[in-house]
Amino acid sequence: MSKEIPYKIYLEEQEMPKEWYNVRADMKKKPAPLINPGTRQSMSVQDLEPVFCKELCEQELNNDDAFIEIPAEIREFYKMYRPSPLVRAYCLEKALGTPAHIYYKFEGNNTSGSHKLNSAIAQAYYAKKQGLKGVTTETGAGQWGTALSMACSYFDLDCQVYMVKCSYEQKPFRREVMRTYGAKVTPSPSMETEIGRKMNADFPGTTGSLGCAISEAVEAATKQEGYRYVLGSVLNQVLLHQSVIGLETKTALDKYGIKPDMIIGCAGGGSNLGGLISPFVGEKLRGEADYQIIAVEPASCPSLTRGSYVYDFCDTGRVCPLAKMYTLGSSFIPSANHAGGLRYHGMSPVISELYDQGLIEARSVEQTAVFEAAQKFARVEGILPAPESSHAIRVAIDEALKCKETGEAKTIVFGLTGTGYFDMYAYGAYNDGTMSDYIPTDEEIAASLAMVPQA
């Protein structure tokens with residue numbers, strides 16, 4: 001007989017993962033290697049070291065080890081907010097009148113307000129271990145920059161954040177949290193870097209993009225002795241660190257004999273999605289179980305559903321390695337009216353390869369529908385969700401309503417990546433009826449893809 005399912009499933013401290021799970025080890029067809037844009041050769045650890053921390057370079061290129069030990073110092077930090085709860089959304093189920101069972105893994109129970117802290121503390125730890133002075137990074141909506149500023153404060157590292165200009169202006173409170181933790185926050189494109197000055201000259205009045213902010217952060221890191229660049233999404237190393245989400249989720253489900261039918265996550269660069277789904281995809285790859293896995297992206301930046309699977313630059317300034325991924329082209333700049341942080345032109349090489357193999361599916365949703373779902377969720381579940389998370393909520397609700405029509409009692413699990421308390425500008429636009437949906441035209445995407453390098 002199965003146990004009675006509580007509202008919140010909490011794991012004990014000793015049940016927290018001691019190792020990260022590397023899904024690449026179970027992939028027969030691995031993600032394509034990073035390519036040096038100058039030599040067109042595969043990148044080695046030595047090639048990556050001038051930009052990234054040494055141990056992170058090794059993790060980035062490690063396709064063989066299924067499990068990598070989480071250092072004790074990182075586990076100690078994790079204990080401040082992990083294990084995070086897996087919540088049964090009983091109130092949402094009742095409001096929808098659905099026979100579906102809905103669960104969400106809540107990653108917003110820390111000051112940064114999101115899952116980003118899982119990787120931020122790991123990357124700050126390796127920077128400190130290497131004896132660096134500090135790190136540079138970019139941030140879109142601000143979750144990653146906030147998390148990294150907290151992690152750097154913990155390890156007494158300097159933190160320099162290039163924040164996409166539209167978010168810098170729309171989310172002053174997120175910016176001030178970063179500054180409270182000691183970070184220097186600069187709107188991107190700025191006039192502090194060569195790339196920033198060029199972007200401002202070429203696109204006067206631009207509101208910026210994540211790709212542009214990445215370029216500025218990389219330039220800043222390479223021009224300062226004792227600094228390295230760190231990234232909050234896309235890279236293999238980040239998905240590795242975020243696997244704690246999926247590992248805890250699976251342990252909690254197994255504890256009560258629950259097998260999900262579908263797993264849903266929002267998708268921008270792929271960090272949350274990759275972390276949530278990794279152990280479940282691993283079971284699919286090993287032939288042990290099957291799940292329907294859905295990546296949900298914004299219709300305004302639809303890299304999976306409308307992009308091309310090709311080698312492209314990871315940044316707008318074209319200083320980073322080439323990665324094979326689903327991309328809209330590194331010159332693509334999403335609409336400034338998009339309220340969430342899922343504004344990256346490409347998708348993680350791991351997620352891209354899994355999607356290309358048909359192991360996961362993808363859907364794009366418009367932001368007014370996303371905020372409708374966010375409002376419904378907030379009113380019945382008592383948490384104001386981040387706009388990014390609300391993309392997953394939208395599809396979870398849609399799937400639960402399908403169950404209402406068919407009478408199927410499917411089990412749905414989605415990732416609630418964080419809270420939306422710093423996103424009130426966007427909530428205000430939705431409540432005032434001024435929020436609009438922007439979907440790029442085929443011509444706009446084609447023009448950006450035409451600039452993708454021939455690799």
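Guide: Helices here are DSSP runs of H or I with at least four residues, strands are DSSP runs of E with at least two, and both are numbered from the N terminus. The model is predicted, so local features need pLDDT of at least 70 and side-chain atom pairs count only at pLDDT 80 or more, while totals for chains, interfaces and linings use all residues. Residues are numbered from 1 along each chain as its sequence is written, and side-chain values use heavy atoms, with hydrogens and water left out.

Visitor: Thanks! Which residue with a positive phi follows α11?
Guide: Helix α11 spans residues 236-255, 20 residues in total. The helix is followed by a residue whose phi is positive, near 65°, and that residue is glycine 257.

Visitor: How many residues of α11 are buried?
Guide: Buried means under 20% relative accessible area, exposed means over 50%, and partly exposed lies in between (1.4 Å probe, protein chains only). Helix α11 is largely enclosed by the rest of the structure, because its buried residues number 17 of the 20.

Visitor: Where does α11 bend?
Guide: From first C-alpha to last, α11 reaches 29 Å, close to the 28 Å expected at 1.5 Å a residue; the expected span is 1.5 Å times one less than the number of residues. A bend is the angle between axes fitted to the seven residues ending at a position and the seven starting there. In α11 the bend is about 35°, and it lies at glutamine 242.

Visitor: And what is the kink at serine 278 in α12?
Guide: Helix α12 runs over residues 271-285 and reaches 20 Å, close to the 21 Å expected. Most of α12 is covered, with 14 of its 15 residues buried. Serine 278 sits shortly before proline 279, and the kink there is about 50°.

Visitor: What is the bridge partner of isoleucine 102 in β15?
Guide: Strand β5 (residues 101-106) and strand β15 (residues 411-416) run parallel and are joined by six bridges. Among the bridged residues, isoleucine 102 has as its partner isoleucine 412.

Visitor: Which residue in β11 stands opposite methionine 262?
Guide: Strand β11 (residues 292-298) has six of its seven residues buried, so it is largely enclosed by the rest of the structure. Strand β10 (residues 262-266) pairs with β11 in the parallel sense over five bridges. Opposite methionine 262 stands glutamine 292.

Visitor: How far is the sulfur of cysteine 266 from the closest cysteine sulfur?
Guide: A disulfide is a pair of cysteine sulfur atoms within 2.5 Å, and a search of the whole structure finds zero. Cysteine 266 is buried, at 5% relative accessible area. The closest cysteine sulfur belongs to cysteine 301, and it is too far for a bond, at 13 Å.

Visitor: Is serine 303 buried or exposed?
Guide: Serine 303 is found in helix α13 (residues 303-306). Its contacts (heavy atoms within 4.5 Å), leaving aside neighbours within four places in sequence, include Tyr326, His345 and Gly346. At 1% relative accessibility, serine 303 counts as buried.

Visitor: What is the C-alpha to C-alpha distance between valine 177 and threonine 111?
Guide: Valine 177 lies in helix α8 (residues 172-180) and is buried, with a relative accessible area of 16%. Beyond four places in sequence, the contacts of valine 177 are Thr146, Ser149 and Phe422. Valine 177 and threonine 111 are 66 residues apart in sequence, and the C-alpha distance is 9.2 Å.

Visitor: What is the omega of the peptide bond from arginine 82 to proline 83?
Guide: Proline 83 lies in the loop between α3 (72-78) and β4 (86-88). The bond from arginine 82 to proline 83 is cis, with omega near -5°.

Visitor: One last thing: is aspartate 156 buried or exposed?
Guide: Aspartate 156 is placed in the loop between α6 (143-155) and β7 (158-164). Although aspartate 156 is not a glycine, it has a positive phi of about 60°. With a relative accessible area of 64%, aspartate 156 is exposed.

Methods
Pairing = 2+ DSSP bridges.
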